[in-house]
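I opened a new notebook page for this one. These are my entries, in the order I looked things up.

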Amino acid sequence: MIKVEDLRKNFGKLEVLKGITTSIREGEVVAIIGPSGSGKSTFLRCMNLLEVPTSGRIWIGSSEITNKKTNIMKVRENVGMVFQHFHLFPHKTVLQNLTYAPMKVKGLSKAEAEESGMKLLERVGLSDKASEYPGRLSGGQKQRVAIARALAMKPDVMLFDEPTSALDPEMVKEVLDVMKDLAQTGMTMAIVTHEMGFAKEVADRVLFLDGGVLVEDAPPEQFFTNPQSSRARDFLQKML
Ligand code: ADP
Ligand code: MG
């Protein structure tokens, strides 16, 4: 579903990604972990060209998004993204947040968009908030709306950048539970997270980034019990 070949990204002279090669199969859930500043967000953002790679190639499905001829707007429709800080439309209701892009981009009728929007709100446990404005929701509720909004475009891939890092502790679980459900439906997911328990339980693979280098790429059982690099061992010691 996703293939990354020798991905490099510089910001000016700063080399943030130093040649990353990996792939993610359809239905696979990959946790991306590593110290702050190691390039996790940049890596994720390259996968839908929110950052333009300096060199290297990336495929989403059969489209090479690093090929200038590829219509990136079309690819982005297919790649849902969830951010740490939600990024909901504040002046739209919860349901309008979900129906906006499907109507505008995919040409769904209002009735169609609302019907599938309501189904998604049900799925994330927020049917009763359809007419509410984001400002009146808790952080956990906002993030569940953000996930539902991304799903409203029926993406093939979902990217999450620290989706629970801005939440009060008591709201983390409700968001992780929604993500766990989504993983069980077979969604292809790449998740930057500091939730080691979640990564252990839900991820099929862990990618450990350090200093812009993909240091480990292993199943969680192996990564958490027997990390191969001293950098991963040091990181885990601080985390656990
Ligand atoms: P992480 O998500 O692992 O904390 P990031 O990908 O956000 O790491 O950042 C990696 C490095 O790239 C950091 O040193 C950061 O300061 C730098 N960086 C990220 N985005 C930009 C940008 N837009 N311009 C310049 N430097 C950036
Ligand atoms: Mg980050």
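Predicted model: local features only at pLDDT ≥ 70, side-chain atom pairs only at ≥ 80, totals over all residues.

Residues are numbered from 1 along each chain as its sequence is written, chains are lettered from A and ligands numbered from 1 in the order in which they are written, and side-chain values use heavy atoms, with hydrogens and water left out.

**Thr-93**

I looked up what Thr-93 touches. Leaving out residues up to four places away in sequence, I got Ala-130, Ser-131, Glu-132 and Tyr-133. Thr-93 sits in the loop between β6 (79–82) and α3 (94–104). My helices (H or I, at least four residues) and strands (E, at least two) are DSSP runs, numbered from the N terminus. Is Thr-93 buried or exposed? I found it buried, at a relative accessible area of 11%; buried means under 20%, exposed over 50%, and partly exposed in between (1.4 Å probe, protein chains only).

**Gly-125**

Next I went to the loop between α4 and α5, where Gly-125 is found. Gly-125 has 47% relative accessibility, so I put it down as partly exposed. I also checked Gly-125 against Val-145: they are 20 residues apart along the chain, and their C-alpha atoms are 9.5 Å apart.

**Nonpolar core**

A nonpolar core here is a set of buried Ala, Val, Leu, Ile, Met, Phe, Trp, Tyr and Cys residues joined through side-chain atoms within 4.5 Å. The largest one has 36 residues, and Leu-121, Ile-147, Met-158, Phe-160, Met-179 and Met-189 touch the most other members. At least two residues each come from α3, α4 (110–123), α5 (139–151), β7 (157–161), α6 (169–184), β8 (188–192) and α7 (196–202). I marked α6 as the top contributor to this core, with 8 residues.

**Whole chain**

I counted 9 helices and 10 strands. The radius of gyration is 18 Å, close to the 18 Å the globule rule gives for 240 residues, so the chain is as compact as a globular protein of that length. That radius is taken over C-alpha atoms, and the rule is 2.2 Å times the number of residues to the power 0.38. The C-alpha trace spans about 55 × 45 × 30 Å along its principal axes. Of the 240 residues, 50% count as buried. Among contacts with a separation of 6 or more, 65% join residues 24 or more positions apart.

Technical notes. Contact = heavy atoms within 4.5 Å.
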